[in-house]
Structure formats: structure tokens, C-alpha cells
Amino acid sequence: VVHVTSTWTGPTDTWQGRKVVVMPDGYVIPPTLSADGETEFAGVQTRIVTLENLSGSGSVIHYTLDGSTPTEESPIYTAPLEIVPAEGEAITIKAVSVKGGVNSDVAELSVRRIPYTYNYIDNGDGTVTLSKWDEWGNWIGNGVTPSPVGEFTVPDEIDGKLVVAIIGEFFSSCSEMTSVFIPASVESIGPYAFGYCSNLATVTF
């Protein structure tokens with residue numbers, strides 16, 4: 001007896017007062033996929049994705065990481081997967097259980113690294129200054145959204161324009177940032193640019 005999950009769309013019945021799946025002959029149950037943390041996040045992070053086989057002995061899980069539908073030629077799942085998306089990238093894991101030459105429906109899970117967005121002043125000469133304030137001193141928002149997590153690299157270009165300066169307090173209170181790499185294009189950094197970054201250990205130029 002398999003208790004109904006929220007994704008089941010097949011026939012059901014009732015057993016001991018609970019709704020249960022009525023599996024057709026030869027039906028192969030799809031695997032389940034789970035991650036060890038949020039599946040949308042910022043910063044360089046690794047997610048461990050575990051696939052669970054619900055189809056019993058004699059079945060195997062085949063999976064893909066490029067969003068394509070798995071076949072019996074796809075890799076066989078043997079251990080949890082380490083997923084590390086690039087900034088702005090979503091990696092979609094798809095999996096099927098195969099038993100007796102019959103494939104289950106496809107199960108899938110996407111892990112996405114959210115791209116950072118930056119506030120800046122356009123210097124008008126093909127360069128920009130990272131800033132929480134506009135050129136008239138009006139606050140325009142947090143310097144980086146979402147707040148940096150872990151290792152962080154300041155981009156050398158934004159919207160095709162060279163980053164040459166970082167205004168004071170730009171990264172203030174980014175408490176989850178542990179290290180920062182500053183590109184060679186940056187010529188100046190204002191006071192307290194990293195104020196109250198309580199977990200910041202290294203700044204590399």
C-alpha cells in the first residue's frame with residue numbers, strides 16, 4: 001500500500017480510512033528528489049540532492065542534469081548528487097525508475113542560483129560607481145540584492161560598463177558574506193564599505 005502524495009493523479013481507493021494509490025499492473029513508481037536546503041539561493045553554494053527509489057528490488061534510477069528526459073542510457077543513480085549552479089543558472093535534475101523494462105513517470109527538481117543585481121551611478125564615460133545613493137545623495141536601495149552569501153566576487157563590468165569605484169558603506173551589514181574578491185578595474189573604495197560585515201574574513205585585490 002502506498003499513501004497518496006500531492007503529485008499523484010492516478011486512481012485511488014480507501015484503506016483503513018486513508019486514501020491510497022491503486023497501482024495498475026506493471027506500474028513503476030517514480031523516484032522522489034529532495035535537496036538539503038533551499039532550491040533557490042544566492043552566492044556560491046552546494047546543494048546535495050538525494051533520489052529515493054520507491055519501486056523496490058530489481059529497479060534502478062536513471063537521471064539527467066540538463067533537463068532532458070532520462071532513458072536507460074542515462075547515468076544510474078548510486079549516490080547523492082552535488083549540485084553547484086553558476087550565478088543565474090538553474091540546474092534541473094530529472095529522474096525515472098526503471099523496472100522490468102518499464103519506465104516510471106519523470107520526477108524532477110530544479111536548483112537555481114539567483115543572480116545578483118547592483119545599484120550604481122553611471123559616470124557617463126563608460127564606467128560606473130557601485131553606490132547605495134544616486135549622484136544627488138538620495139538613497140536608492142541596498143547595494144547588492146539579494147545580500148551576498150559566502151564567497152563574493154565584485155563584477156568588473158555591469159551592463160557593459162567598467163566598475164571603477166565602490167562608494168562608502170556599499171556592503172555594510174552583509175553579515176553572511178565571508179570573503180570578497182575586488183577586480184583590478186576598481187580604483188577606489190569608500191570608507192566603511194564593509195562595515196558590520198561580521199563574518200567577512202578576507203578581502204582580495
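Tutor: Start with a definition. A disulfide is a pair of cysteine sulfur atoms within 2.5 Å. In general terms, a disulfide is a covalent bond between the sulfur atoms of two cysteines. Keep in mind that this is a predicted model.

Student: How many disulfides does a search of the whole structure find?

Tutor: The search finds 0 disulfides. Take C174 as a case. C174 is in no disulfide, and the nearest cysteine sulfur belongs to C197, 5.1 Å away.

Student: Are C174 and C197 buried or exposed?

Tutor: C174 is buried, with 7% relative accessible area. C197 is buried too, at 9%.

Student: Now the whole chain. How many helices and strands does the protein chain have?

Tutor: The count is 0 helices and 20 strands. As for burial, 39% of the 205 residues count as buried. The chain exposes about 11600 Å², and carbon and sulfur atoms supply 50% of that area.

Student: What share of the contacts joins residues at least 24 apart?

Tutor: Look at contacts between residues at least 6 apart in sequence. Of these, 54% join residues at least 24 apart.

Student: Let us go inside. Which residues touch the most other members of the largest nonpolar core?

Tutor: That core has 19 residues, and L130, F152, V154, I166 and F171 touch the most other members. At least two residues of the core come from each of strand 13 (127-130), strand 17 (161-166) and strand 18 (177-181).

Student: Which residues are in contact with F171, leaving aside neighbours within four places in sequence?

Tutor: The partners of F171 include F152, V154 and I166. V144, M177, A193, F194, G195 and C197 are in contact with F171 as well. Apart from this core lies another, of 15 residues, among them L51, Y63, I83 and V111.

Student: Charges next. What does a salt bridge rest on?

Tutor: Side chains of opposite charge can pair when their charged atoms come close. In this structure, the search finds 4 salt bridges. One of them joins E40 and R112, at 3.7 Å from N to O. The pair links distant parts of the chain: E40 is in strand 4 (residues 40-41) and R112 in strand 10, 72 residues apart.

Student: What are the relative accessible areas of E40 and R112?

Tutor: E40 has 44% and is partly exposed. R112 has 30% and is partly exposed too.

Student: Which side chain meets K94 in a salt bridge?

Tutor: That of E108, at 3.9 Å from N to O. K94 lies in strand 8 (residues 90-99) and E108 in strand 10, so the pair ties together parts 14 residues apart in sequence. K94 counts as buried, at 16% relative accessibility.

Student: How far apart are the closest N and O atoms of K161 and D122?

Tutor: They are 2.3 Å apart, in a salt bridge. Here too, distant parts of the chain are linked: K161 in strand 17 and D122 in strand 12 (residues 120-122), 39 residues apart. K161 is partly exposed at 26%, and D122 is partly exposed at 38%.

Student: Finally, the loops. Where does S104 lie?

Tutor: S104 lies in the loop between strand 9 (102-103) and strand 10 (107-113). Beyond its neighbours within four places in sequence, S104 is in contact with V28, I29, P30, P31, V96 and S97.

Student: Where is P75?

Tutor: P75 is in the loop between strand 6 (59-64) and strand 7 (81-83). P75 is partly exposed, at 46% relative accessibility. Not counting residues up to four places away in sequence, P75 touches I61, H62 and Y63. The C-alpha atoms of P75 and I61 are separated by 8.4 Å, with the two residues 14 apart along the chain.

Terms used
Residues are numbered from 1 along each chain as its sequence is written. This is a predicted model: local features need pLDDT of at least 70, side-chain atom pairs count only at pLDDT 80 or more; totals for chains, interfaces and linings use all residues. Side-chain values use heavy atoms; hydrogens and water are left out. Helices (H or I, at least four residues) and strands (E, at least two) are DSSP runs, numbered from the N terminus. Buried means under 20% relative accessible area, exposed over 50%, partly exposed in between (1.4 Å probe, protein chains only). Contact means heavy atoms within 4.5 Å. Accessible areas come from the Shrake-Rupley method with a 1.4 Å probe; for residues, only the protein chains shown count as cover. A nonpolar core is a set of buried Ala, Val, Leu, Ile, Met, Phe, Trp, Tyr and Cys residues joined through side-chain atoms within 4.5 Å.
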